[in-house]
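Open the model in your viewer, keep the sequence beside it, and follow the stops below one selection at a time.

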Amino acid sequence: MNILILGDVYGRPGRRILKDQLTHLISEHQIDFTIINGENASGGNGLSTKNAKELLSLPIDVITMGNHVWQQKELLETIADFPQIIRPLNYPEPCPGKGYDFFNCELKSGSSKKICVVNLSGQIFMPNLNCPFNAMVPLMESLKTAADLVIIDFHAEATSEKIAFGYFMDGWATAVYGTHTHVQTADERILAGGTAYITDIGMTGPLDGVIGVDRQIIIDTMLTKRPSRFVTATGNVQINGIILEVDDIENKVSKITRLYETYETDK
């Protein structure tokens, strides 16, 4: 089976390019299951109920989140209405939503796989949440038993924390991939224990801004040290992510490939 995972969808440009290109990418790469990170999908800051519905009208199976999960306050009330949305597991209780769930994937062969998708948030240079490493320990045996595949979105800033977590999960998780920095890294590999890993899968949205924001606003902020309201960049766009090729018998990733596509626009 082939699994498509796309990096942080940023604002209207990210949503628009998915609407235009996602079906084509799924067909081209013979994708069976699709995961996106949606925590920046509404103006680069959270996910609104309206935009959640818009994204889930596309062939998307799961939306993971991150540190901006509650920036659109309405999602506190509506997240339970979307079983496809997974927020970071290590938010403290009580907290709406869920940190992992199981999804059935029907394969072209007629068989099916049960996929567990987990979302975690890092601690270094991030909001002070519970330890993501310790959050996984009590779940590892039960999740591995219940699912054919376990895929983890580790939403974190520090590359060291992401790499350490990848090794911590090696041999247990099917795949661990990083999100949050909006910059795709070139370190995709299969670790010694069989876990597919990449530090960050990048961003889906504006190509010509600074991690999604109008570049002149960021440059001016750097020069003056004065805060400014962030505005989503315009211009050309990108789709960043990875494709996992999974051995249907061993339930292990046989190949991890970076996806980096750019598209010219007239806006």
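Select Asp 200 and Lys 162 first: their side chains make a polar contact at 2.7 Å, where a polar contact is a pair of N or O atoms within 3.5 Å, one of them able to donate a hydrogen and the other to accept it within protein, and where residues adjacent in sequence count only if both atoms are side-chain atoms. This is a predicted model, in which local features need pLDDT of at least 70 and side-chain atom pairs count only at pLDDT 80 or more, while totals for chains, interfaces and linings use all residues. Residues are numbered from 1 along each chain as its sequence is written, and side-chain values use heavy atoms, with hydrogens and water left out.

Asp 200 sits in the loop between strand E11 and strand E12 (203-206); helices (H or I, at least four residues) and strands (E, at least two) are DSSP runs, numbered from the N terminus. With 1% relative accessibility, Asp 200 counts as buried, a word that stands for under 20% relative accessible area, whereas exposed stands for over 50% and partly exposed for what lies in between (1.4 Å probe, protein chains only). If you display the surroundings of Asp 200, leaving aside residues up to four places away in sequence, you will find that it touches Lys 162, Gly 178, Thr 179, His 180, Thr 181, His 182, Val 183, Gln 184 and Thr 185, contact meaning heavy atoms within 4.5 Å.

**Helix H6**

Next, select residues 159-169, which make up helix H6, and colour its buried residues, namely Glu 161, Lys 162, Phe 165, Gly 166 and Met 169. Looking down the axis of H6, you will see these buried residues fall within an arc of 135°, so they line one face of the helix; the arc is that of the directions from the helix axis to the C-beta atoms. They pack against several elements, including strand E7 (112-121), helix H4 (132-136), helix H5 (140-146) and strand E8 (149-155), as well as E9 and E11. After H6 comes Gly 171, which has a positive phi, near 90°.

**The six-stranded sheet**

Now show the open sheet of six strands, whose order is E6-E7-E8-E9-E11-E10 and whose pairing is mixed; two strands pair if DSSP finds at least two bridges between them. Strand E6 (100-106) and strand E10 (189-190) are at the edges with a single partner strand each, so one side of each has no neighbour in the sheet. Within this sheet, select strand E9 (residues 175-179) and strand E11 (residues 196-198), which pair in the parallel sense over three bridges; Val 176 stands opposite Tyr 197 in E11.

**Asn 40 and its loop**

Which loop holds Asn 40? Select the stretch between strand E3 (33-37) and helix H2 (49-56), for that is its place. Asn 40 is buried, at 2% relative accessibility, and a polar atom of its side chain lies 3.0 Å from the backbone oxygen of Gly 44. Not counting residues up to four places away in sequence, Asn 40 touches Asp 8, Val 9, Tyr 10, Gly 11, Asn 45, Gly 46, His 68 and His 182.

**On either side of that loop**

Step back to E3, where five of five residues are buried: Phe 33, Ile 35 and Asn 37 are on one side, and Thr 34 and Ile 36 are on the other, so that both faces are covered. Strand E1 (residues 2-6) runs parallel to E3 and is joined to it by four bridges, with Ile 36 as the bridge partner of Leu 6. E3 is also joined to E4 by three bridges, again in parallel, and here Ile 35 stands opposite Val 62.

Then select H2, whose buried residues are Thr 49, Asn 51, Ala 52, Leu 55 and Leu 56. These cover an arc of only 165° around the axis, which puts them on the same side of H2. The face turned away from that buried side carries the exposed residues Lys 50 and Lys 53. Among the elements covering the buried residues of H2 are helix H1 (11-28), E3, strand E4 (62-64), helix H3 (75-78) and strand E5 (85-86).

**The whole chain**

Finally, zoom out to the whole protein, which has seven helices and 14 strands, and whose C-alpha trace spans about 55 × 40 × 35 Å along its principal axes. Of its 267 residues, 54% count as buried.
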